[in-house]
Amino acid sequence: MNFKKTAVLAASVSLFATAASAETFNIQTSFNAGDFSTQYITENWLPKIKEMTDGRVEIVLTPNGSVVPAKETPDAVAAGVLDGDFTSVNYFSGREPAYAIMGDLISGYDTPEQMLGFCKDGGGEAVMQKAADAVSGGEVHVVACGPYSKEALPARVPIRTFEDLAGKKIRSPEGLAAAVFQAAGASPVSIPFSEVYGALEKGIVDAADASAYVNNDATGLHDVAPYPLYPGIHSMPSMQFTINKQKWDALSEADRTALRDWWYEAMSAMTAEVAKKDKELAARDNAGGKIEVINWAQEDRDQLREVARKQWEVYAEKSPLAKEALDANVAYMTQIGLFKK
C-alpha cells in the first residue's frame with residue numbers, strides 16, 4: 001500500500017514537472033487590441049511558437065498599456081513585471097537618443113526588408129542591446145528588432161518630386177521627422193494624431209505623417225487627402241522583441257534560437273501581408289479616378305535621403321551610443337547600395 005502511494009506521488013510529481021517545463025511568457029505590445037497587427041500575430045504566429053519549441057514555450061500577447069505605459073516597458077521587463085515586450089522603440093527616444101536613430105531613421109531605408117536585414121544581420125541587434133542595457137541596467141535581453149511597414153504620406157495637394165516639398169505644411173511629430181522635413185524645405189506642424197483628419201480637411205496642413213496606407217484608408221484620410229505618396233518617403237518605425245534577462249538565460253540554446261527565428265519569420269510574413277493589402281488598396285484607388293497615388297522616382301528618394309542624412313548626423317551628436325547607432329546603419333546602407341561607397 002505504501003509502495004502504491006509512493007508510486008502515485010512520484011507520478012504526480014513527474015506530471016507537474018512536465019507541465020512546469022512549458023514556459024509561458026507574458027509579452028506586452030505597443031499594438032492596440034483591435035489592430036490588424038495584433039490579430040495577425042495572435043491568429044497566425046503565436047501557435048507556431050509551441051511547434052518550434054516542441055511545446056516548451058508559449059507567448060501571451062497583451063495590448064498597448066495593458067500592464068504599464070509603453071514607454072515604461074523596459075523597466076517592467078527588467079523588474080519581471082512583464083516577461084518581455086514587443087514595442088516600437090520610438091517610445092524610449094527621450095531616455096536614450098540612440099533609440100531615435102534605431103526607432104525610425106527618417107527617409108532612410110526604402111523597404112522594411114532592408115531594415116529587418118540590418119537588425120538581423122547588420123549589427124542592429126547589438127546596438128539595440130546596448131541601448132537596452134543603458135536604460136535597464138543589463139536586465140533586459142534584446143531577442144530581435146525591425147519594422148513591418150513603411151508609412152505612406154497622405155497629401156491634399158500633389159507632391160510629386162523632392163522639389164515639391166518646398167513650402168508645404170506637413171503634420172509631423174517633433175524631433176528627427178520634423179527636422180528632416182524642415183531641411184527639405186517643408187514647414188513641419190506639430191498637431192495631435194487625433195486632429196490629422198480635420199487639419200487636412202481644413203487645409204491647416206498640406207500633408208501628414210500618419211500611418212500605413214491600409215490604416216489611412218480605414219480612417220478615411222484619403223477622402224480629404226487624395227494625393228497619397230505610396231510607397232512612403234519618410235517613416236518606418238522599428239519594433240523590438242525583448243525578454244527578461246533571467247528568463248532568457250534559463251532557456252535552452254535551441255529555444256533561444258527558435259524564439260529569434262520565430263520573430264523574424266513572423267515580422268517578414270506580416271511585412272508581406274501589410275504590403276499586399278497596401279498595394280491592393282493603392283491600385284484600387286488609382287483606378288477609381290478620385291485618388292492619385294504618387295510614387296516618387298528613385299532619384300527623388302535618394303535626394304531626400306541625402307538631406308535627411310545631415311539631420312541624422314546632428315541628432316547623433318546627442319550621445320555616443322546615438323553616434324554608434326548611426327554609424328552602424330550607414331555602414332549597412334552603404335553595403336546594400338543605398339549610399340555610394
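Author: Strand β3 is covered on both faces. On one side Gly-84, Phe-86 and Ser-88 are buried, and on the other Asp-85 and Thr-87 are buried. Buried means under 20% relative accessible area, with a 1.4 Å probe and protein chains only. Strands are DSSP runs of E, at least two residues long, and helices are runs of H or I, at least four residues long; both are numbered from the N terminus.

A word on the source. This is a predicted model, where local features need pLDDT of at least 70, side-chain atom pairs count only at pLDDT 80 or more, and totals for chains, interfaces and linings use all residues. Residues are numbered from 1 along each chain as its sequence is written, and side-chain values use heavy atoms, leaving out hydrogens and water.

Now its partners. Two strands pair if DSSP finds at least two bridges between them. Strand β1 (residues 23-29) runs parallel to β3, joined by 3 bridges. Here Gln-28 stands opposite Asp-85 of β3. Strand β8 (residues 239-244) also pairs with β3. This pairing is antiparallel and has 5 bridges. Thr-87 has Gln-240 of β8 as its bridge partner.

Terms used:
Buried means under 20% relative accessible area, exposed over 50%, partly exposed in between (1.4 Å probe, protein chains only).
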